[in-house]
Amino acid sequence: MSGYLVPTKQVRVTDLQARKGDKPWAMLTCYDYSSARAFSAAGIECLLVGDSAANVMLGYSSTTSITLDDMAMLGAAVVRGAGNALVVMDMPFGSYEASDEQAVRSATELLQRTGAHVVKLEGGVRMADRIAALKRAGLAVCAHVGFTPQSVNGLGGFKVQGRGDAAQAVREDVDAVVKAGADMVVFEMVPADLAAEITAQCPIPTVGIGAGAQCDAQVLVWHDMLALPEGGRRPSFVGVFGQVGAEMSRGAAAYKEAVETGTFPLPEQNF
Ligand code: KIV
């Protein structure tokens, strides 16, 4: 049961901000109702409807291929299964870069169509105006700095950001998003010591992916974390916590065999 008059223990941005410097929390990508139910039941505080759905759900080679309509459909399904978890919506490529007005319009549409709580966009200094505009519109915002997959071509491929002299640019990106009012910030593929240094000084929660253990939270793409599909190349920073791909293939093969040998359906499965 949900609705305006039903009390909930909804996780809010302020709850996660209050945990800064305390116990780390977990964010996990999520793209549909059933996995949202499973992750929420596991106590995952925050579900990210990532544009990585372009890769792991839709099979595109780039996150730039997913549209606002695609994201809205996935996000609405996640919210229906999310229980009390905070739901963050990635703003897809092409939905916010052109102007502050475009960003506010797209973010508003995403939140209205999904019921999600927070929008996330990629970029530091270059997106500070967009973040400020979203905050003026009253939205909760998650920034994303370091490696930003929507800019993979501009960044020359999947590369760690912030090594050596490039560390200063990451510091400036975080400074800019904090000043613009971001509520939390994802660090992707940033050296662990830099992420730790920034986390210690940054007033908002930092969420690491390939950014070491000192961030305030961690995020992973669930298909990587649970090895779906089986095999394939995964980034070196991924921790694997289950073998869902292997189990799905095993179950599908067992079903096929049962059909072929006539052991499914059994008499008790008939009407
Ligand atoms: O889309 C996504 O899954 C993300 C994570 C990599 C943080 O943005």
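## Strand β5, covered on both sides

Both faces of β5 are covered: Ala 140, Cys 142, His 144 and Gly 146 are buried on one side, and Val 141, Ala 143 and Val 145 on the other. Here a residue is buried if 20 or more other C-beta atoms, placed from the backbone, lie within 10 Å of its own, exposed if 12 or fewer, and partly exposed in between. Helices (H or I, at least four residues) and strands (E, at least two) are DSSP runs, numbered from the N terminus.

A quick note on the model: it is predicted, so local features need pLDDT of at least 70, side-chain atom pairs count only at pLDDT 80 or more, and totals for chains, interfaces and linings use all residues. Residues are numbered from 1 along each chain as its sequence is written.

## Neighbours of β5

Strand β4 (residues 118-122) runs parallel to β5, joined by 5 bridges, and Glu 122 sits opposite His 144. On pairing, DSSP has to find at least two bridges between two strands. β6 (residues 184-188) also pairs with β5 in the parallel sense, over 5 bridges, with Val 186 opposite His 144.

## Around the ligand

His 144 and Val 186 turn up again here, among the residues around the ligand, which also include Asp 51, Asp 90 and Glu 188. To count as near, a residue's C-beta atom, placed from the backbone, must lie within 6 Å of the molecule.

## Helix α2

In α2 (residues 33-41), Ser 35, Ala 36, Phe 39 and Ser 40 are buried. On the other side, Ser 34 and Ala 41 are exposed. Just after α2, Gly 43 takes a positive phi of about 90°.
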